[in-house]
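Here is a short report for a reader meeting this structure for the first time. Look over the sequence and the model, then read on.

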Amino acid sequence: MGFAASQARYMMLTARKSDLEIQGQFINQARMQLANVTGALFTIASNLEPEGPEAQQLQARVAAIQAIDKSLELQLRRVDTQREAVQTEIDAVRKVIGKNIESTFKTFG
């Protein structure tokens with residue numbers, strides 16, 4: 001792979017890594033919002049009769065929110081795995097670029 005192609009690949013991978021990082025931040029932000037909603041629902045539930053219909057409805061909503069959070073957690077793991085793979089490839093391309101530079105300077109040296 002030539003220097004220009006390696007440099008273009010490096011820039012593309014760096015952009016992809018940035019996209020994955022921001023995607024991870026959005027997922028974390030969504031999870032934080034779900035945690036806040038869950039906390040508010042627990043506060044409301046603490047003022048209700050534990051076996052009452054309202055408390056049971058709130059428990060069902062909390063369970064639904066927890067399922068959504070679990071799904072977001074899986075998405076976050078997938079994004080982190082992709083980010084790690086991209087970082088590994090960035091490191092490899094960086095080495096190729098370094099070798100290209102080194103061989104170029106040996107040619108002119």
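Where does Ile 68 lie? Ile 68 lies in helix 2. The model shown here is predicted.

## Overall build

The protein chain has two helices and zero strands. Its radius of gyration is 24 Å, well over the 13 Å that the globule rule gives for 109 residues, so the chain is more spread out than a compact globule. The box that the C-alpha atoms fill tells of the outline: roughly 85 × 15 × 15 Å, taken along the principal axes.

Helix 1 covers 3-46. Helix 2 covers 53-108. Of the contacts with a separation of 6 or more, 83% join residues 24 or more positions apart.

## Surface and charge

How much of the protein chain is buried? Buried residues make up 19% of the 109 residues. The chain exposes about 7900 Å². Carbon and sulfur atoms supply 59% of that area.

The protein chain holds 13 positive and 12 negative charges.

## The nonpolar core

In soluble globular proteins, nonpolar side chains tend to be buried together. In this model, the largest nonpolar core has 15 residues. Those with the most contacts inside it are Leu 13, Ile 27, Leu 41 and Val 86. Both helix 1 and helix 2 take part, each with at least two residues. Helix 2 gives the most, with 10 residues.

Which residues does Leu 13 contact, leaving aside its neighbours within four places in sequence? They are Val 86, Glu 89, Ile 90 and Val 93. Val 86 is also listed among the core residues with the most contacts.

## Val 79, a buried position

Val 79 has its place in helix 2. Is Val 79 buried or exposed? Its relative accessible area is 6%; as buried means under 20%, Val 79 is buried.

Val 79 touches Leu 20, Gln 23, Gly 24 and Ile 27, not counting residues up to four places away in sequence. Take Leu 20 as one of these partners. Val 79 and Leu 20 are 59 residues apart in sequence, yet 6.2 Å apart in space, C-alpha to C-alpha. Ile 27, another partner, is also named among the core residues with the most contacts.

Pro 53 lies in helix 2. It is exposed, because its relative accessible area of 56% is over the 50% cut-off.

Ile 68 is partly exposed: its relative accessible area of 47% falls between the limits of 20% and 50%. Ile 68 and Thr 88 are 20 residues apart along the chain. Their C-alpha atoms are separated by 30 Å.

How values were computed. Residues numbered from 1 in each chain as written. Predicted model: local features only at pLDDT ≥ 70, side-chain atom pairs only at ≥ 80, totals over all residues. Heavy atoms only, no water. Helix = DSSP H or I, 4+ residues; strand = E, 2+ residues; numbered from the N terminus. Rg over C-alpha atoms; globule rule 2.2 N^0.38 Å. Buried < 20%, exposed > 50% of the residue type's maximum accessible area, 1.4 Å probe, protein only. Contact = heavy atoms within 4.5 Å. Areas by Shrake-Rupley, 256 points an atom, 1.4 Å probe, with all protein chains shown as cover. Lys, Arg positive; Asp, Glu negative; His and termini not counted. Charge placed at Lys NZ, Arg CZ, Asp CG, Glu CD. Core = buried A, V, L, I, M, F, W, Y, C linked by side-chain atoms within 4.5 Å.
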